[in-house]
Amino acid sequence: MHAGAASYSKSGSQGARDVRNLANLGETASTSRVLNLSQIFATSGRTEGYAGSPFFRNSQLNKALLVKHTLRPAERELFAHPRRTATKIILPFDASDLRLGGRSIFVNQSGFVNFTRSYFSDENLASNPDLQILQHLDVIPSLDPFLVREHLARFGFQPDPCYLKISPSDLNEMVGFANAEIEHLVMTAFGAGMEAAAIKLTSKILANNLDSDLDPLKQTFRMSDGDFAEGMFSWRGFLYFKWRQTHLQADIKQVIDGLQTYRTMGPIDAATRDYLAEVRPRLAKKIITAIVSTRKALKVYDEAYQALTQGSDPAPFRKFLLAGPKMFFELGESIGILSHIGSFWDYRMGARMAHMRLTPQEFADILVDFEDSLLNVEAATPPVLPVAATLL
């Protein structure tokens, strides 16, 4: 690749580790961190939707892995402007065998324009749809399929649903959480005595396997095939965001506690000391406000769902499922930013790093980054759907 691009090879201990990491991404990576198009090619490459509405037009790029990557200190030098995360494009040597490794480059790193001009063989890069998609993906904090879908739709890009799935590792963790959520509705749609089948049906809903086993659910909602597919996508989205928000609690508590107790190492100038004294409580308040905002948004879903399961009236929940994706962008962005803050805190300031204390300036730089990222959450006005409207 071009200057600054990382290379995955089978030589050397670091290279071997990178190859193992690449091969394991499809099985262990979080949905929010990785979009594994090589895996989607393997599972859906023969479907009409895959070819008819591809994610990328370029066939090789359409088998790449996109990763939201926390930059190492040396990698930050690849960018003209300071940043702590970037979108990495990994192009496998063989999409059917990731153990062979691949080549990678960051979106918008030094040399990226030359790479895209060469890779796409297109001088008019401004109108290249694949490059536009990469640029759009680079500005969002995560690769949650529900956030990706809503964000790209704003710019007229609508890849087939086969490209927008929850990762196998997240699916495995979600089944227990989602089963408790779905079981009440399964009883409503399928009748009593279906407890043993609830987990199977939950797995089908989460994995987007909308076969005839789910026909009673479609009939309960009185939906057409198209509306049912949209409704189930919406339901998966809210279940996914609820699950992620629940998982965030421990990470966010660590950040809030750490903002009060973290001690830097080394000399400190007056300006940095004053800034840290001011920013710690201010940042804690902003983080708490952001997490409360996500809870309020998810509460709209909870109230619509309760109207169905407790009132046995499917109409309100049906309306909510079809209108709910309007909330996906704000929810996905907020949860993605909070997740970044939680994971980066653990990475640099967590218990495992107690022996490598940051200097006051290093700590201040990180808190500046956290505050800047939260500006997007504060500026957004979530289109929270009024409960009264959904219950008409």
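Author: Two packed helices are described by the angle between their axes and the distance between those axes. In this predicted model, the axes of helix α12 (residues 270–311) and helix α14 (residues 328–349) come within 10 Å and cross at roughly 145°, where axes are lines fitted to C-alpha atoms over the stretch in contact and angles run from 0 to 180 degrees between N-to-C directions. Helices here are DSSP runs (H or I, at least four residues), numbered from the N terminus. Residues are numbered from 1 along each chain as its sequence is written, and side-chain values use heavy atoms, without hydrogens and water. Local features need pLDDT of at least 70 and side-chain atom pairs count only at pLDDT 80 or more, while totals for chains, interfaces and linings use all residues.

Reader: Which residues of α12 and α14 make the contact?

Author: With contact meaning heavy atoms within 4.5 Å, α12 contributes Ile287, Ala290, Ile291, Thr294, Ala297 and Leu298, and α14 contributes Leu331, Ser334, Ile335, Leu338 and Ile341.

Reader: How is α14 itself placed, mostly covered or mostly uncovered?

Author: Of the 22 residues of α14, 18 are buried, that is, under 20% relative accessible area with a 1.4 Å probe and protein chains only.

Reader: At what angle do α11 and α12 pack?

Author: Helix α11 (residues 225–261) packs with α12 at about 160°, their axes 10 Å apart, which means that α11 is roughly antiparallel to α12 (angles over 145 degrees count as such).

Note on methods. Helices (H or I, at least four residues) and strands (E, at least two) are DSSP runs, numbered from the N terminus. Angles under 35 degrees count as roughly parallel, over 145 as roughly antiparallel, 65 to 115 as roughly perpendicular and the rest as oblique. Buried means under 20% relative accessible area, exposed over 50%, partly exposed in between (1.4 Å probe, protein chains only).
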